[in-house]
Amino acid sequence: MRLWYQSLTRADAWPAYNAALRRMLAAAADPGTEVEVHGITRRGGIGDQYRSLEFVETVEVLENVARADAAGFDAVLLGNIADPGLRAAREMARVPVLGLCETALLTACQMGASIGLVVANDKHGARVAENVAGYGLSSRVAAVERMRLERLADLDAAFAEGPVRERILGAFRAAAEACVARGAEVVIPAVGVAMVLIAEAGIVEAGRGAPVLNGAIALLKAGEAAVKLDRLMGGRFTSRRGAYAQPPPEQIEELRRYYGPVFPAVKPG
């Protein structure tokens, strides 16, 4: 099984995070599962909490989804809490495509009746809230608390021992405990980098028996399960009716004249 894990980080701007992410995924993968981590290499990779910058990066994400599909990967995992390009990727790809935010939320729903989200800052929180509402899960979220971390790239320094690490981990613990105090039964660190940092620091509970969900590992395991289901279902994991329907065969040649080699699974009719 080959999984393409797509981050929205630039490797040279987040070296400690990228190393930690690779270690964590390799240790958690099932025997026989190969996980390739890819980031942003052209434009951006440091400020996706801003919608316009996320939009710029999503172009490369969708191109990489097409690359992964053509190269024979069995699934694509979008490892960013904004789930950039998730719906478009599912529509275009032949293989299952899963998003970090959607997967973490759905997993948390199986772990407890109410969810707490710890976001980076107000700007970041607004983007995460859009996803929660879009997935129809607003009623399951009991609390959203902020770490008050305005510059997301500061998280990379927290992978090394020192005052930055202690400050950020302390901010997460305080926010997570506040979520629990407001009724959350499960807490999600709603920043992809923070998920890895907090898991590596060994923080698995927010108090009063409320677990802290490592969304990156949940995404990996959901990806492995999706590939197995896809195989058992004869390649029909993703619905092709409605939201993720592909163009009909009689239109595909016209579309390819204007867009290039799109929707490779559709045979001309």
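Modeller: A cavity is a set of points on a 1 Å grid over the protein atoms alone, where a 1.4 Å probe fits but cannot get out. Its volume is the space filled by probe spheres set on the points, which are joined across faces, edges and corners. This is a predicted model: local features need pLDDT of at least 70, side-chain atom pairs pLDDT 80 or more, while totals for chains, interfaces and linings use all residues. Residues are numbered from 1 along each chain as its sequence is written, and side-chain values use heavy atoms, without hydrogens and water.

Colleague: What is the volume of the largest cavity?
Modeller: Its lining (residues with an atom within 4 Å of a point) has 13 residues, and Asp48, Asn80, Val191, Gly192 and Val193 come closest to the centre. The volume of the largest cavity is about 120 Å³.

Colleague: How many charged residues are in the lining of the largest cavity?
Modeller: Asp, Glu, Lys and Arg count as charged; Ala, Val, Leu, Ile, Met, Phe, Trp, Tyr, Cys and Pro as nonpolar; the others, Gly among them, as polar. Six lining residues are nonpolar and six are polar. The charged count is one.

Colleague: Which residues line the second largest cavity?
Modeller: The second largest cavity holds about 30 Å³ of space. By class, its lining has three nonpolar, three polar and two charged residues. They are Asp48, Gln49, Asn80, Ile81, Ala82, His124, Arg127 and Val128.

How values were computed. 1 Å grid on protein atoms, 1.4 Å probe; cavity = no way out; pocket = protein on both sides within 12 Å on 5 of 7 lines; lining within 4 Å.
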